[in-house]
Structure formats: C-alpha cells, structure tokens
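The following note sets out numbered points for a reader who is new to protein models. Please keep the sequence and the structure in view while reading.

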Amino acid sequence: MIKFFRQIRQRLLSEGKTTKYLKYAIGEIVLVVIGILIALQINNWNEIRKANKKSRNYLIEIKSDLKTDTIRFNRAIKLLNNMIADEKWVLNATDYTYKDVDRLWECISGWYMPFNINTRTFREMQNEGNSKLVGFDKLSEKINDYYIRIDNMTKERTAYDRQDVNERRAWLSDLEKTIEISNHRMQTFGGGKVTKNFPMRQDSITNIELVIAFANSTRGRNHFKHNYIRHMILVDWYKDVVSKAKNLIKEIEKELQN
C-alpha cells in the first residue's frame, strides 16, 4: 500500500504536476491522521470495555460482601436485643429472687460487639488503583461513601463499645474479690468448652445474696443503665448499616441487569 502511494507521488512529480502533488500529499496526510484517530478510538473503546467488565466483576464481589454484612450485623442486632431485654428486666424489677442470679450475672458481665464492615473487595480495588467503577459513576460514589464514611463511623462505635466494656470490667474484678465465680458463669464464659462443675468454697446462699446486693446498689444499677444506653445506640446504628447495605445490593443488582 505504501509502495503504491509512493509511485503515485513520483509520477505526479515527474509529470510536473506540483499542484496536484501537493493536494494529493495533503490528502494522504489527512487519511493517515484519520486512520490514527480511528485506531486510537478503537483502542480507547477496547480499554473502556475491559475496564467496564472489570468494574462489573467488582460489583459482583461487592454485592457478596454486602450480603455478608447484612447477615453478620443482623446477628449482632439479635444478640444486642437479647442483652437489651435482660437490661430492661433488671432495671424494671423491684426485687430479685435466688432464681434470678444467673440472669443477673448475664447483665453484669461485660460483652462488646466486634463487628465491622467487610471491606475485602473495596480494599482490593484501592490496592489496584481503582478508586472508581468505570461506567457506574453514581453507584461508585455511594459505594465509596459506604466503605469510607459508614465504615469509619462503625469502627468508631465498635471502638467505643470495646473501650467502655474494658473500663467497666474493673467492676467485675472488684466483685470477684468477694463473690466466687459460679459454675454457670464459668460455662458461659467458656463458650461451650467448659462443662465440668467444680465444688464451691463460698456458701451458695452467700454468693447469691452478694450478687443481688450488687444489682440493687447504685453502682450496679448505673452499670446496667450504661450498658442499656450503649446497646441501644449500637443496635440503632447496626440497623442503619443493614439498611444501607440492602439498598446498595438493590442498586447493584439493577445495574448488573442493564
């Protein structure tokens, strides 16, 4: 092809047709430029297509991560609601019986929620330098908001929950100076690993009365109230996280169908 165009130029020059030669040369340059632009555009289309396909794969993985979030945070909400129910009971009760001691220990014991957002795919995107999902601009903004702002707020609440529980565990240490740990409490903290019952050195009646005395004390009631407040705040936030995750799942499914 190049040889063919060269022969035409040489023939025009040899015939002295300079004007025609210049027009032809300009036309040839224009054709070459157009060809380059077309090639660049095709290459650009291919790159966009590849990036879009990669973004769709990311969306599929993010959708999976979001589903994991809804399952885990719903589990946390269920646990928190159980704790809140116990705290309402202990704060509303006007008197406690010996049968209430195990439930009282459940209210006294400190538990924090180690639940955070699953950022696996989002971190992978960031590590690969993909801050946006090509072809999904609006959805990309919402995903960034979930994995940056919502994730940071969740971590702050989890950190506060852990800190408050750790600070209040000092109360448990004070109780253990006078109250022997029961077999029930050992089995509860053992998470199913502890099944053996050990003989108690402290009289069971004395043990129960000391637990009830703490529950009736100002310090004990304030302990229950702090736990109730913290758990109510957490369950409200976790519900918000689940709602946002479900909305994102719906939007991702809608985009993937297009």
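1. The buried residues of helix H7 pack against helix H3 (101–108), H5 and H8. Here buried means under 20% relative accessible area, exposed over 50% and partly exposed in between, with a 1.4 Å probe and protein chains only. Packing rests on contacts, that is, heavy atoms within 4.5 Å. Helices (H or I, at least four residues) are DSSP runs, numbered from the N terminus, as are strands (E, at least two).

2. The model is predicted: local features need pLDDT of at least 70, side-chain atom pairs count only at pLDDT 80 or more, and totals for chains, interfaces and linings use all residues. Residues are numbered from 1 along each chain as its sequence is written, and side-chain values use heavy atoms, with hydrogens and water left out.

3. Which residues of H7 are buried? They are Asn207, Ile208, Val211, Ile212, Phe214 and Ala215. Seen down the axis of H7, these buried residues fall within an arc of 160 degrees, so they line one face of the helix; the arc is that of the directions from the helix axis to the C-beta atoms. In general, an α-helix has 3.6 residues a turn, so residues three or four places apart point the same way.

4. Helix H7 covers residues 204–216, and its 13 residues should span 18 Å at 1.5 Å a residue; the end C-alpha atoms are 18 Å apart, which agrees. The expected span is 1.5 Å times one less than the number of residues.

5. The chain as a whole has eight helices and zero strands. Of its 258 residues, 34% count as buried.

6. The largest nonpolar core has 32 residues, and Leu66, Met113, Ile143, Tyr146, Tyr147 and Tyr238 have the most contacts inside it. Such a core is a set of buried Ala, Val, Leu, Ile, Met, Phe, Trp, Tyr and Cys residues joined through side-chain atoms within 4.5 Å. Helices H2 (18–92), H4 (120–127), H5 (137–175) and H8 (218–257) each supply at least two residues of this core. Apart from it lies another core, of 19 residues, among them Leu175, Ile179, Ile208 and Phe214.

7. Is Asp65 buried or exposed? Asp65, found in helix H2, is buried, with a relative accessible area of 2%. Leaving out residues up to four places away in sequence, Asp65 touches Asn118, Arg120, Thr121 and Tyr147.
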